[in-house]
Amino acid sequence: MESEQFIFVANNLALDFVNTEVGVGEQYSDKLENAENVLEWLQAANLISTNQHKTLPDLLPLAKELRAEMSQTIAHAKKGIGYETKCTNSILEKASPYPQIAWQENEKKFVINYHHAKLTPEALLQPVAHAFLNLLTELDFSLVKQCEADDCVLMFHDQTKSHRRRWCSMALCGNRMKAAAHRKRNRTK
């Protein structure tokens, strides 16, 4: 499968991960159907390289558990209700990275690269868990929105200046919904 199957419109890695479940009803699609899909998503999100692909553990069970917990936590937080984040906390606890100094040739400076002693499912999903941690505790959570298209469940973090973003993206839903509204207005004339 190609990485074009994944949608990165949320302005947040954690929300993009949640958005691997798309559509409603007959249009529902789970983009993480197997372990290979999880690796493909991590590669599309620039979290792993292609050459790592063959040596990585099966991430599917933990990835689905994390995604489900993130979806439930977001739904509860939107209602002002707490939710236990066992899976996220476990990933954050078990995937302790260690820093390494590296020279970045293109910028001519030293940078910190984080590595894991062992590539475990927790280590590979840790960037998603960190993005989720940041989303819940550091960012303005009121700007986490769901696309206003009737048939879209994608979420995004609204980073527009006016905070009036309505669609997951103009290309996916915005143009379609605006065209539908235009057709409806013209029928009533």
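**E122**

I started with E122 and looked up its contacts (heavy atoms within 4.5 Å). Leaving aside neighbours within four places in sequence, E122 touches L62, I91, K94 and A95. This is a predicted model, where local features need pLDDT of at least 70, side-chain atom pairs count only at pLDDT 80 or more, and totals for chains, interfaces and linings use all residues. Residues are numbered from 1 along each chain as its sequence is written, and side-chain values use heavy atoms, with hydrogens and water left out.

Buried or exposed, I asked of E122? It is buried, at 17% relative accessible area. My cut-offs: buried is under 20% relative accessible area, exposed is over 50%, and partly exposed is in between (1.4 Å probe, protein chains only). E122 sits in helix 5; helices here are DSSP runs of H or I with at least four residues, strands are E runs of at least two, and both are numbered from the N terminus. I also checked E122 against C87: they are 35 residues apart along the chain, and their C-alpha atoms are separated by 9.6 Å.

**Helix 3 against helix 5**

Next I took the packing of helix 3 (residues 60-78) on helix 5 (residues 121-137), where the angle is about 5 degrees and the axes are 11 Å apart. Helix 3 is therefore roughly parallel to helix 5. Axes are lines fitted to C-alpha atoms, for helices over the stretch in contact, and angles run from 0 to 180 degrees between N-to-C directions. Under 35 degrees counts as roughly parallel, over 145 as roughly antiparallel, 65 to 115 as roughly perpendicular, and the rest as oblique.

Which residues of the two helices make the contact? From helix 3 I noted L62, A63, L66, M70, T73 and I74, and from helix 5 P121, E122, L125, V128, F132, L135 and L136. By class, that contact has eleven nonpolar, one polar and one charged residues. The classes: Ala, Val, Leu, Ile, Met, Phe, Trp, Tyr, Cys and Pro are nonpolar, Asp, Glu, Lys and Arg are charged, and the others, Gly among them, are polar.

**Helix 3 against helix 4**

Then I turned to the axes of helix 3 and helix 4, which come within 8 Å and cross at roughly 125 degrees. That pair is therefore oblique. Here L62, E65, L66 and E69 of helix 3 meet K86, C87, T88 and I91 of helix 4. I sorted this contact by class too: four nonpolar, one polar and three charged residues.

**Cores**

I looked for nonpolar cores, meaning sets of buried Ala, Val, Leu, Ile, Met, Phe, Trp, Tyr and Cys residues joined through side-chain atoms within 4.5 Å. The largest has 35 residues, and F17, W41, L42, L66, M70, I74 and L125 have the most contacts inside it. Helix 1 (13-18), helix 2 (35-44), helix 3, helix 4 (86-94), helix 5 and strand 6 (155-157) each supply at least two of its residues. Helix 5 gives the largest share, seven residues. I followed L125: beyond its neighbours within four places in sequence, L125 contacts F17, L42, L62, A63, L66 and I91. A second, separate core has nine residues, including V9, A149, W167 and C173.

**Aromatic pairs**

How many aromatic pairs does the structure hold? I got three. Rings of Phe, Tyr and Trp (its six-membered ring) pair if their centres lie within 6.5 Å; planes under 30 degrees apart are stacked, over 60 edge-to-face, and the rest tilted.

F8 and W41 are stacked, at 5.6 Å centre to centre and 25 degrees between the planes. F8 is in the segment before helix 1 and W41 in helix 2, so their pair ties together parts 33 residues apart in sequence. I found F8 partly exposed at 35% relative accessibility, while W41 is buried at 1%.

The F17 and W41 rings have centres 5.0 Å apart and planes at 70 degrees, so I logged this pair as edge-to-face. F17 lies in helix 1 and W41 in helix 2, so the pair ties together parts 24 residues apart in sequence. F17 is buried, at 0% relative accessible area. I put F8, F17 and W41 down as one aromatic cluster.

**Loops**

T20 lies in the loop between helix 1 and strand 1 (21-22) and is buried at 2% relative accessibility. Not counting residues up to four places away in sequence, I have T20 touching S29, D30, K31, L32, W41 and R67.

I ended on positive phi outside glycine. N46 has phi near 60 degrees, lies in the loop between helix 2 and helix 3 and is exposed at 68% relative accessibility. K108 has a positive phi of about 55 degrees, in the loop between strand 3 (98-104) and strand 4 (109-115), and is exposed at 53% relative accessibility.
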